[in-house]
Amino acid sequence: MKFGFYSKLALDGIRKNKRLYLPYILTCIGMVCMYYILQFLQLSDAVRNIRGGDTIQYMLSYGVLLLALFSCIFLFYTNSFLMRRRMKEFGLYNILGMGKKNIGILICWETAFIFITSMVLGLLSGIVLSKLAELGITAIMEAETTFDLKVSFAGIRNTVLVFTVIFALILINSLRRVWFSSTISLLKSETAGEKAPKANWFFGILGIVVLACAYYLAVNIEDPVSAIMWFFVAAVMVIVATYLIMISGSVLLCKILQKNKRYYYQAKHFVSVSSMTYRMKRNGAGLASICILATMVLVMVSSTFALYAGGEDSLNERFPRELNLSIGVSTAQEFSEDNISVLREDVEKLAAEHGTQMHNVTDYRAATMGGMMIDGRIETDSERAGDMGYDFSDVYQIFMIPLSDYNAMTGADKTLGPDEVLMYTNRQTLNLDEISFERGRTFDVKETLDEFFADGDMAMTIVSTVILVVDDVPAAVEDLVRADGSPVYNYYWKFGFDTDLNYEDEEELFNDIRGTFIQSLSDYTRNFSSFSAESKNIERAGFIGMFGGLMYLGIILSIVFVFAAVLIIYYKQISEGYEDQSRFEIMQKVGMTKQEIRKSINSQLLTVFFLPLFGAGLHICFAYPIIEKLLRMFNMQNRSLFIMTTLGSFMAFALIYVIIYKVTSNAYYRIVSDARKSAA
């Protein structure tokens, strides 16, 4: 046979099966387009040169890997629908004398045509839309950009390489399926598995138990650190449980409906329930996939939008003042107010030189250390902490602050004895009457404070913080040493303030302060051992870059996942429509009208179609507590904002889902109602 024959036959096969191939080709084009756009943005100089651009491109690099992996898995999944439909046709070719080698050549041509079409149209659309995507990122970052259309040849190369590998793997899998299938199995591939499955109570109950355990984890985790550790465990448990419940539960649902004679023996229910019963094992897997994709979309959109919308609040939590200084000292003498006052004067002098008055000032000293706490007993020596039998939620950051600094900052007039403390904790609540240190002192908790002045270190650290206000810090920590005698604590002076300067002048002041103190540190002209400085305005770009990059990545991946869900639903409806043609043809011959067919279709779709949406909503409700705790790691404390974005995301997705329902139900109806025409 000539190669022209194979190419013509391949094109003819695609054209005759355009109802199946067109959505698949469009999906391939979309995947190529999205992948190129992510590659373009990751490599774009315009994105890199904006403030926070490095952070965005770092986030997008993970998106590129995730999209490549998802594209491979999903295109394999959708190609299986095509192959299942085409197997019968290949079986007929085999009977008519075409060997499996020839069928393999035909499949190669079909794959080549789809690959070339997908790459050309996908890259062209990606190149056109990449500029729009770049403008979107610069708009989020409030940066300027040009309107020149650029092409990333490295992005084209990477896209072609990735999808060449994906299509090669799909081709190998298709050839394998044909090569190892007999002619009879090819002819009967569409009706394979038509034996009614049994309701597997074991897997159904196992799925419910696993899901209940996952929900329990999500609801009962108290601290963000544990949330990080258990989030992915809970997510995997939810995915496994969803498949077990959807597959076993959907079979059980059909069995229950069949036993309900008043429901089952109605024209609009009889055909739909009986046909669903025979394919519920596969149907349940499809429903579970849709449910998981819907949940992923809702989680990504709601959380990333909440982070971006609440970005300024997170920035203020992390940087409570416009300029924030942290100066470390080594000894109790350097920790004294006399020495700190000299350093304070240096900062005040520099601020005056730049023509600004400092206001909203944070000014306090602290001894900081880490520790493991169990029942109010703290071990600060990391080498000994392993003997306490702790988990990560027992880890605390501990601040000891002088009472004089606390009173000066808050305007309070508290008094403390030598063995008394005021205690404040963030993220976790500790109800303690006393707190003791291993190889250290024991303090009575005179008062538990409800609030404390903002501190960026508390917001930045993922573990909980315990602040102890004491009468004399050096005396309180003098016994806190390691086994080798070295101290476990560090002395710091924290100083922060706002100015009335514009962005450029404030940046000049920040650079002068930073340069002066670094020079003093290197020349030993002042009594301090370390120095760090942070500017809220300078760091704002990094925050917006991180949150903007996450949101942008969430939008792109959500679009991909929505397309995936749509395609799964479409192919599920199309494949089931062809399977049900013969059943509805028989029912039409015995008097079933098209109106009754429509009612039967609506009954079938409504019975199972909205189960994934319900499941996704349930998953989101129980995932809310653990996601909220994860968002706290980004200093996202606005609970109402996250609730609103979650509800908005669910409503938007539900609207899209209803539209999908209308479109796919119409496609299913056209197939089964035209059964007689198809037979003719």
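Trainee: Which residues does L41 touch, leaving out those up to four places away in sequence?
Mentor: In this predicted model, L41 touches V47, Q57, L60, S130, A133, E134, I137 and Y552, once residues up to four places away in sequence are set aside.

Trainee: And which residues have the most contacts inside the largest nonpolar core?
Mentor: Those are Y24, L41 and F163, in a core that has 94 residues.

Trainee: Which helices each supply at least two residues of this core?
Mentor: They are α2, α4 (53-95), α5 (100-140), α6, α12 (280-309), α20 (536-589), α22 (611-632) and α23 (639-673), and α20 gives the most, with 18 residues.

Trainee: What lies apart from that core?
Mentor: Another core lies apart from it, with 45 residues that include L323, L432, V473 and A533. As general background, nonpolar side chains tend to be buried together in soluble globular proteins.

Trainee: Let's turn to α2 and α6; at what angle do their axes cross?
Mentor: The axes of helix α2 (residues 18-43) and helix α6 (residues 153-179) cross at roughly 145° and come within 9 Å, and the crossing in which α2 passes α6 is right-handed.

Trainee: Which residues meet there?
Mentor: From α2 the contact takes in Y24, C28, M31, V32, Y35, Y36, Q39 and L43, and these meet A154, G155, I156, N158, T159, V162, F163, F167 and I170 of α6. Sorted by class, the contact has 13 nonpolar and four polar residues, and no charged ones.

Trainee: New topic: where is F517 found, and is F517 buried or exposed?
Mentor: F517 is found in helix α19, which covers residues 503-523, and F517 counts as buried because its relative accessibility is 1%, where the cut-off for buried is under 20%.

Trainee: What is F517 in contact with, leaving aside its neighbours within four places in sequence?
Mentor: F517 is in contact with I327, L343, D346, V347, F528 and F531. As for F528, the C-alpha atoms of F517 and F528 are 9.5 Å apart in space, while the two residues are 11 apart in sequence.

Trainee: How many disulfides are there?
Mentor: The count comes to zero disulfides, a disulfide being a covalent bond between the sulfur atoms of two cysteines.

Trainee: What about C33 and C213, buried or partly exposed?
Mentor: C33 is buried, because its relative accessible area is 7%, whereas C213 is partly exposed, because its relative accessible area is 38%.

How values were computed. Residues numbered from 1 in each chain as written. Predicted model: local features only at pLDDT ≥ 70, side-chain atom pairs only at ≥ 80, totals over all residues. Heavy atoms only, no water. Helix = DSSP H or I, 4+ residues; strand = E, 2+ residues; numbered from the N terminus. Buried < 20%, exposed > 50% of the residue type's maximum accessible area, 1.4 Å probe, protein only. Contact = heavy atoms within 4.5 Å. Disulfide = S-S within 2.5 Å. Axes fitted to C-alpha atoms, helices over the stretch in contact; angles between N-to-C directions. Left-handed = near helix turned anticlockwise from the far one by under 90°. Nonpolar A, V, L, I, M, F, W, Y, C, P; charged D, E, K, R; others polar. Core = buried A, V, L, I, M, F, W, Y, C linked by side-chain atoms within 4.5 Å.
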